[in-house]
Amino acid sequence: MLLPLSVEPEDRSWQDYANCLGVDPDLFFPERGASTREAKEVCRGCVVREDCLECALVNGEKFGIWGGMSERERRRLRRDRARARTASTA
Ligand code: SF4
């Protein structure tokens with residue numbers, strides 16, 4: 001990851017490295033039924049994709065594409081993780 005020399009990594013948050021900086025936010029909040037392909041394409045090359053996804057999961061983001069995943073995909077992931085947690089404590 002390339003950083004400007006005058007800025008230490010701890011001074012930057014993951015959002016500063018987002019591939020979607022400067023991209024039309026509407027792309028990430030498509031109308032119901034509209035394509036998410038373009039947004040996911042931007043996320044595919046994003047170095048902070050995991051941070052973004054975890055942030056959305058932790059904050060219960062209900063709308064938009066985060067970390068390359070749609071609401072439905074994040075719901076599924078949350079369900080799968082919850083199941084895995086339950087199975088590991090049983
Ligand atoms: S994963 Fe996608 S939405 Fe998240 S910061 Fe990267 S480009 Fe933006």
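1. Gln15 lies in the segment that precedes α1; helices here are DSSP runs of H or I with at least four residues, strands are runs of E with at least two, and numbering starts at the N terminus. With a relative accessible area of 36%, Gln15 is partly exposed, given that buried means under 20%, exposed over 50% and partly exposed in between, for a 1.4 Å probe and protein chains only. Between Gln15 and Cys52 there are 37 residues in sequence and 7.9 Å in space, C-alpha to C-alpha.

2. The model is predicted: local features need pLDDT of at least 70, side-chain atom pairs count only at pLDDT 80 or more, and totals for chains, interfaces and linings use all residues. Residues are numbered from 1 along each chain as its sequence is written, and side-chain values use heavy atoms, with hydrogens and water left out.

3. Which residues surround the ligand? The shell consists of Trp14, Ala18, Asn19, Cys20, Phe28, Val42, Cys43, Cys46, Arg49, Cys52, Ile65 and Gly67, where a residue is near if one of its heavy atoms lies within 4 Å of the molecule. Two or more of the shell residues come from each of α1 (37-44) and α2 (49-58). By class, the shell holds nine nonpolar, two polar and one charged residues; Ala, Val, Leu, Ile, Met, Phe, Trp, Tyr, Cys and Pro count as nonpolar, Asp, Glu, Lys and Arg as charged, and the others, Gly among them, as polar.

4. Cys46, one of the residues of that shell, is placed in the loop between α1 and α2. Is Cys46 buried or exposed? Cys46 is buried, because its relative accessible area is 16%. Apart from neighbours within four places in sequence, Cys46 is in contact with Tyr17, Ala18 and Asn19, contact meaning heavy atoms within 4.5 Å. Of these partners, Ala18 and Asn19 also belong to the residues around the ligand. Cys46 and Gly68 are 22 residues apart in sequence, and their C-alpha atoms are 8.9 Å apart in space.

5. Ser70 is found in the loop between α2 and α3 (71-89). Ser70 counts as buried because its relative accessibility is 11%. Its contacts, leaving aside neighbours within four places in sequence, are with Lys40, Gly64 and Ile65; Ile65 is also listed around the ligand.

6. Arg72 belongs to helix α3 and is exposed, with a relative accessible area of 59%. Arg72 and Lys62 are ten residues apart in sequence, with 9.0 Å from C-alpha to C-alpha.

7. For the chain as a whole, there are three helices and zero strands, and the order from the N terminus is α-α-α. Of the 90 residues, 22% count as buried. Among contacts between residues at least 6 apart in sequence, 37% join residues at least 24 apart. The accessible surface is about 6,800 Å², with 52% belonging to carbon and sulfur atoms; the areas come from the Shrake-Rupley method with a 1.4 Å probe, and for residues only the protein chains shown count as cover.
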